[in-house]
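Reader: Please take a close look at a single part of this model. I would like the contacts and the cut-offs spelled out.

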Amino acid sequence: AGTYTVLETEAPAGYVKAPNPITLTLSVGETKEAKFVNTCVTTSAIKILKVDPNNQPLAGGKFSIYSGSTTTGTPLYTNLTTNASGIVTQGGLAAGTYTVLETEAPAGYVKAPNPITLTLSVGETKEAKFVNTCVTTSAIKILKVDPNNQPLAGGKFSIYSGSTTTGTPLYTNLTTNASGIVTQGGLAAGTYTVLETEAPAGYVKAPNPITLTLLAGETKEAKFVNTCTKGIINLFLYDSVSRQQVAGGEFTVYDSPALTHAVAHLTSLASGPAIDNSLAPGTYYIKETKAPSGYLPDPNPQTIVIEACKTSVVNFYNTRSIPTSGNYGRLLIVGIFALSMCAAGWLWLFLYKKRSVDKNYEENL
């Protein structure tokens, strides 16, 4: 029995000695407890990072931290919620093993299915990164048109996360098809910015990006209108008799009536127009420089006026030529000769009979 004072003289590794002794008064046969609480020399921490499939931060994810390598028992910490940067940090942890479990995903996302176990040394901070998939992915439909609202193929675009075009784009070289459309799906709900990076030939890039905010499962359209720097020629070559299109005619476009300086070349097609969209607005002169096989070239050049963003149509007509070589040509010549001989024979016979009739008539007189 008596009064005693207990003093901690040395703390375990990684901990600070309790600063104060504990005094106890004991009666005869009595046992009392002296409890000392040690703080860590340097506490450790877990940084929880929450992102979407595009590695963009997600706010509102909720987490629990368990002691040890499982999620059984009572968690040490609950309702740890990520901020706008997709981060929540829990410090004050002793060195050891901990398991982080996502308990609630942000709206529109699916919880990460697996917990993450980390082992911390004294004073160490480790990151537990959780990636959430969307409940339903969203999409951006990019539409590319000219000032006449006609679709344009070949426009190239990039998509950025957020409301600016700084940093690395999520998607690049998205190229519009013949309908002037390219669609990028698989997007998480959020804000995106679309930037035109390359315009089709003959057009000027749209100067301003378009920012869109998508809900889960939503598709929105970003429409870009390009101004023209060039005009379009649609050239057709027809058979002068059948009025059917003829392929293989070669045409040269000149920038003066002297027809000395060629600026473009076109070849006629069996269906649809031969197209050139490389010329600036102005007056041009088109001449057929080579006719398709079996045809004679049109001898008359045509004048055409090109306007920006407008289509100018020009029609040429070829007549068939008479073959002078080959089996077909020889047969045709023989046939013409035979017909000529037949005609001459019939004419001689007609004249002979007429002469006989006239002679008989005179004798009867």
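Author: Start with Thr193, which is found in strand E18 (residues 190-198). Strands here are DSSP runs of at least two residues (E), and helices are runs of at least four (H or I), numbered from the N terminus. This is a predicted model, where local features need pLDDT of at least 70, side-chain atom pairs count only at pLDDT 80 or more, and totals for chains, interfaces and linings use all residues. Residues are numbered from 1 along each chain as its sequence is written, and side-chain values use heavy atoms, with hydrogens and water left out.

Thr193 counts as buried because its relative accessibility is 1%. Buried means under 20% relative accessible area, exposed means over 50%, and partly exposed lies in between (1.4 Å probe, protein chains only).

The side chain of Thr193 has polar contacts. A polar atom of this side chain lies 2.7 Å from the backbone oxygen of Gly162. The Thr193 side chain also reaches the backbone nitrogen of Thr164, at 3.5 Å. A polar contact is a pair of N or O atoms within 3.5 Å; within protein, one must be able to donate a hydrogen and the other to accept it, and residues adjacent in sequence count only if both atoms are side-chain atoms.

Now a sheet. Four strands form an open sheet in the order E25-E24-E27-E29, with antiparallel pairing. Two strands pair if DSSP finds at least two bridges between them. Strands E25 (262-267) and E29 (302-306) are the edges, each pairing on one side only. Strand E24 (residues 250-254) pairs with strand E27 (residues 282-290) over five bridges, in the antiparallel sense. Thr252 has Lys287 in E27 as its bridge partner.
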